[in-house]
Each structure stands twice: as structure tokens, then as C-alpha cells.
Amino acid sequence: MAAGTRPGVSIPSWASLPRDLTASIVVFLVAMPLCMGIAIASGVPPERGLITGIIGGIVVGALAGSPLQVSGPAAGLAVIVYELVRDQGLSALGPILLLAGLIQVAAGIFRLGGWFRAISPAVVHGMLAGIGVLIVVGQFHVLFDEKPLPSGLANLAAMPARLFGLSLTNLAGAELAFGIGLLTIVVMLAWERFRPQALRLVPSALLGVLAATIVTILSGIDVARVVVPASIAGAVVLPDAGFLARLLDPTNITIAVAIAFIASAETLLSAAAVDRMHSGVRTDYNKELRAQGIGNLLCGAVGALPMTGVIVRSSANVQAGAVTRLSAILHGAWILGFVALLPWLLREIPMASLAAVLVVTGWRLVSVKHVRHLFRDYGALPAAIWAATLVAVVTVDLLTGVLLGIGLSVLELLPNLRRLRLRIDEGQAGAGEYRIALEGAATFVSLPRLSDSLERVPPGAPVRLDMTRLSAADHTSAEMLREWLERRRASGTVVETLGGTGRFAAFA
């Protein structure tokens, strides 16, 4: 078994309790600043993000199809929520989330989870990169205790003036807030670079915010701070008289479909990434969709932020040694306990410090490494899809960028239009070996069937993957095959590959 992987179980037990308890505390410490920061980046009060974190932990954690995945407010939806709240007001968020949750539940019931995996990785990473750019250029202005401008391009254009407007001889509000933000970023980056191995699980975002808060309190400087209600119950906003009318608004229905689509894609891709981190229970994608839908239904009912499965908190969960879903559930309970008992402490956190956390988070979403990998291994078209999606997200809007990327992905089908069919022959081959033979073209059209076949292979069984008659594959299917092979081999399973020329040569 590879380093960092281990068997997992989905049912909590006394034996797993110590590891789940420890992991839940680590995830709680990672989640607190992110829940508040993402809420602020979304244009809503920070307590709305905390409520989403509580629901994502306690409710979705208990129902999830990916036991080690953690759910909560996601940076990937911050941009679309910000624009929604700016254009329609905070009261429109609840009905839209209720609709989005219903769509996700229906998608899970009708077993559409596998189709979200067929979305091109170039589109997903291009979308995340575009979101990262928008978060960075928007939160850059919050570093100065100012509000973001209405669009990504406007935020980008105003950045030089904001920076050159600082005065080192007249340290006023903007200069002090920017200094607090820089302190947060420096502490985060320094900790990640120099932290001792024994303290590797201590989250850098927590230390950055803690350092900035202590400096702000001790120096007595006047900067904007987080505003939270005295009671978490005061943050709950139940449906009002106009809720039903907003629920039936065609514009809101369109936005709900977009949120459901993007949240589902991000959740299931995050779940796939979590599966690669351990060798235990695999994700039930349709069950995960239903759980996320229920979570977003509840968030809509109480006026909180939308949620997805989130990779940063999920990876922290796995790395901290979580064994069952109890860790995710407990992290939600810790958030609830903290905001119920210590709301005064949250009010001491500088807004610029949370903006700094989001700037670092957004910057890391822009993965140039991934586009280099696409270009090197799959050619210019996937890299162009990534770039086009990113540019459209930044210059137009999130939904347009995603739809453009998906439309461009269809171009990969053109060379194989006459042979799109993929035949999969699978079954036991004797001596405990499992055989899968592929014939035809593997494209995103056939990816759900291919994925289901690969996941049916018994754990630990030797596998023979025959690709001698596999004539072509788009990069979406090739990526999925590569990740599956890497995961099986990392767990110590013998995998023999036959054939595999061109982009499949590395599989052998």
C-alpha cells in the first residue's frame, strides 16, 4: 500500500473514534476561516457561511456517499452568489438554493451522478482557474477595507490605482488594513514552507488569521472587523411571504440550474480526488448527489450559502487520519459549538485578514501546472479549452464559461464520429484475475459506463486491462483511466495492461 493510503470503513466504531476525533478538530480549524471568508467573498454576512459549514458537517456528513469528503461553502460558487446577491438581493438566495437542492436530489434519484464525471477536466480546471482569478481581484480590494467592484474586469482595472494610492507617510485605514492582510499572507506562506513535520496538520490559514487578530487587538488599530450576531439563531432567516413568488421566477430557476450543475460537478470531482487519497470505501456518486441536494435544501430554507464537497477540507480530513464519516459530522458540531459559545471572539477578526486567506485560496485555484500537463500529454485542444473557459468566466460570467468549455469539448468527438461506440467486455478470467477488454473509442459519451465497469473490479483482485482494440480516447477518458490505474497500483494490486499505444503508452 502506498504511503498516505490506508483501508477505510464507512461505519463509525469505538476503534475508529480517536482518529476521527483528532481529524475532526483539524478540519474544524481549517474550515472556520474559510467558511467566513467565502461568505464575505460571496457578499453575504460571515455567519451565513458558518451555518452552511454546520449543515455540511452534521447533516450532509451523515448522509454522504463519500464518507471522508467534507462539505461546506465553496470558493467555486462565491462569484455566482456575489452577482446574485448584488443584482437581486439576499432574499433571492433562499428560493434559488431550495430549487438547486431539489434538482440535485432528483439527479441522484435518477442516477445521473456518473455523468458529472464525464465533464472534461479541462473545463473544470478552467472554471476553477477563472473563479480563482475573480476571487483574487475581488478580495484584493477588501485587503484595503474597500468593497469589490461590480465585475471582474473592473476589479482588475482598479488594482494598480488601489496599490499606488497607498502612502507610507500617512498610515491611515487603507494602509493599516493592507498591512494586516500582508501579515496574514506572510504567516500562511512561511508556516507552509518552514513548519516542522510534527505540526504539519496545523492549518496555515488559522495561524495567519490568529496572528493578524492578535496584532490588531494589541496595537489597537482601527480596521474593519467581522460582524456576527450575538446568537447563531439570529443568523437564521426563514422563508418570508415573497418566498413562493421568487421560487417561481424564471430567472431564479435558471440560476438554480446553474448552481446545481456547478455544485454537483465540483462535489463529484472533489469526491473522485478524495478517493485517490485513500484505498478504503469508494464514493457512491448518486448517494452523494442526494446528500448534497438535501444540504442545499436546508441551506435554502434558513438563508445560508450554497454548499459543495470541498477538496481543501476533505484532503485535510484524510491527511489527519479520518477513518469514517464521524470526522465530518464532528467538525460541523465543533463549528456550531464555537459560534454558539464564542461569537465575541469572531468579532475581533479583521476583514482584511479573511480577504488575505481568500486571495491565497484563489491564487491556488489557478493551476498552471494542470494546463501544462494537458498540453504535454494531450495536445493543444484540451489546453485551449482550459484557457477559453478561464477567459470566459473572467470576462463574461461563470455559466457562460462552463457552457463554452463543454461546447469546445465536443470538438474532441469529431475525429471519432464514425466509431463512437465503446464495447466493454469484463469478467473473471481464472485464478482470481479480473479481465476488462476495451474495443472502439473511449470518449466522454461512454465514460459513465467505463467508470462503472472499472469500479466493479473486486478490491485487491489482479486485473488484466486489454486495450489492444482501443482505437482512440479523448483526454477525459484517458485521465480517468490513468487515475484508476494509479490508484489500483498504489494499493498494491497487480494490474497488467495489454496494448496502449500513443497516449496510453504510459499505462503499461
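Trp115 is partly exposed, with a relative accessible area of 47% (buried means under 20%, exposed over 50% and partly exposed in between, with a 1.4 Å probe and protein chains only). The model is predicted, so local features need pLDDT of at least 70 and side-chain atom pairs count only at pLDDT 80 or more, while totals for chains, interfaces and linings use all residues. Residues are numbered from 1 along each chain as its sequence is written, and side-chain values use heavy atoms, with hydrogens and water left out.

Trp115 belongs to helix H5, residues 113-116 (helices, H or I, of at least four residues and strands, E, of at least two are DSSP runs numbered from the N terminus). Together with Ile109, Phe110 and Leu112, Trp115 forms a nonpolar surface patch of about 470 Å² accessible area.

Thr283 is located in the loop between helix H11 (250-277) and helix H12 (285-302). With a relative accessibility of 10%, Thr283 is buried.

Asp425 is part of strand E3, residues 422-430, and is partly exposed at 39% relative accessibility. Beyond its neighbours within four places in sequence, Asp425 is in contact (heavy atoms within 4.5 Å) with Arg435, Ile436 and Ala437. The side chains of Asp425 and Arg435 make a polar contact of 3.3 Å.

Key:
Patches are made of residues with over 30% relative accessible area and no salt bridge: like charges are joined within 9 Å, nonpolar side chains (Val, Leu, Ile, Met, Phe, Trp, Tyr) within 5 Å. Accessible areas come from the Shrake-Rupley method with a 1.4 Å probe; for residues, only the protein chains shown count as cover. A salt bridge is a side-chain nitrogen of Lys or Arg within 4 Å of a carboxyl oxygen of Asp or Glu. A polar contact is a pair of N or O atoms within 3.5 Å; within protein, one must be able to donate a hydrogen and the other to accept it, and residues adjacent in sequence count only if both atoms are side-chain atoms.
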